[in-house]
Amino acid sequence: MRFFSRMSPVRAYKDLRLFLATREKYEFGFLTAAMAITGFVIYAFYKDSTVAVPYKRDIIYVEQWTADRTDAQIRAQQAIDGPIKAKALAEQKAKQERRQAEFKQLDDQLTKWGF
């Protein structure tokens, strides 16, 4: 803790004033530009890292069936649910293919640029 006992805000301020007094005017311009660029990059990373995720309720309803259902009842319900499930799978696959096409287009563009 002896290190902190030798520090004084007044001495630090005087030391900073002495250091800044020996600088040229153009050095202050470069200091300001460097601080502005660094501040902008930090701000950009901060702004980019805070992505607000919209709240979406994901409710899954479960059907309850009696234990004494017959095989015919099960097959009838599967016949009803089959097209709905197939449609949902087709939509998911189409969405996935569209996303893959977007990434392929981006990859082709980057390849064209030499990346």
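These points concern the predicted model shown above.

1. Residues are numbered from 1 along each chain as its sequence is written, and side-chain values use heavy atoms, with hydrogens and water left out.

2. The chain has 4 helices and 0 strands, which read along the sequence as α-α-α-α; helices (H or I, at least four residues) and strands (E, at least two) are DSSP runs numbered from the N terminus.

3. The radius of gyration, taken over C-alpha atoms, is 33 Å for the chain, whereas a compact globule of 115 residues would have a value near 13 Å (the globule rule being 2.2 Å times the number of residues to the power 0.38). The C-alpha trace spans about 95 × 50 × 25 Å along its principal axes.

4. Of the 115 residues, 1% count as buried, meaning under 20% relative accessible area, with exposed over 50% and partly exposed in between (1.4 Å probe, protein chains only).

5. A nonpolar patch on the surface is formed by Leu-16, Phe-19, Leu-20, Phe-28, Leu-31 and Met-35, which together have about 550 Å² of accessible area. Helix H2 (9-21) and helix H3 (25-49) are the elements that give two or more residues to the nonpolar patch. Such patches are made of residues with over 30% relative accessible area and no salt bridge, nonpolar side chains being joined within 5 Å.

6. Leu-31 lies in helix H3 and counts as partly exposed because its relative accessibility is 42%.

Notes
This is a predicted model: local features need pLDDT of at least 70, side-chain atom pairs count only at pLDDT 80 or more; totals for chains, interfaces and linings use all residues. Patches are made of residues with over 30% relative accessible area and no salt bridge: like charges are joined within 9 Å, nonpolar side chains (Val, Leu, Ile, Met, Phe, Trp, Tyr) within 5 Å. Accessible areas come from the Shrake-Rupley method with a 1.4 Å probe; for residues, only the protein chains shown count as cover. A salt bridge is a side-chain nitrogen of Lys or Arg within 4 Å of a carboxyl oxygen of Asp or Glu.
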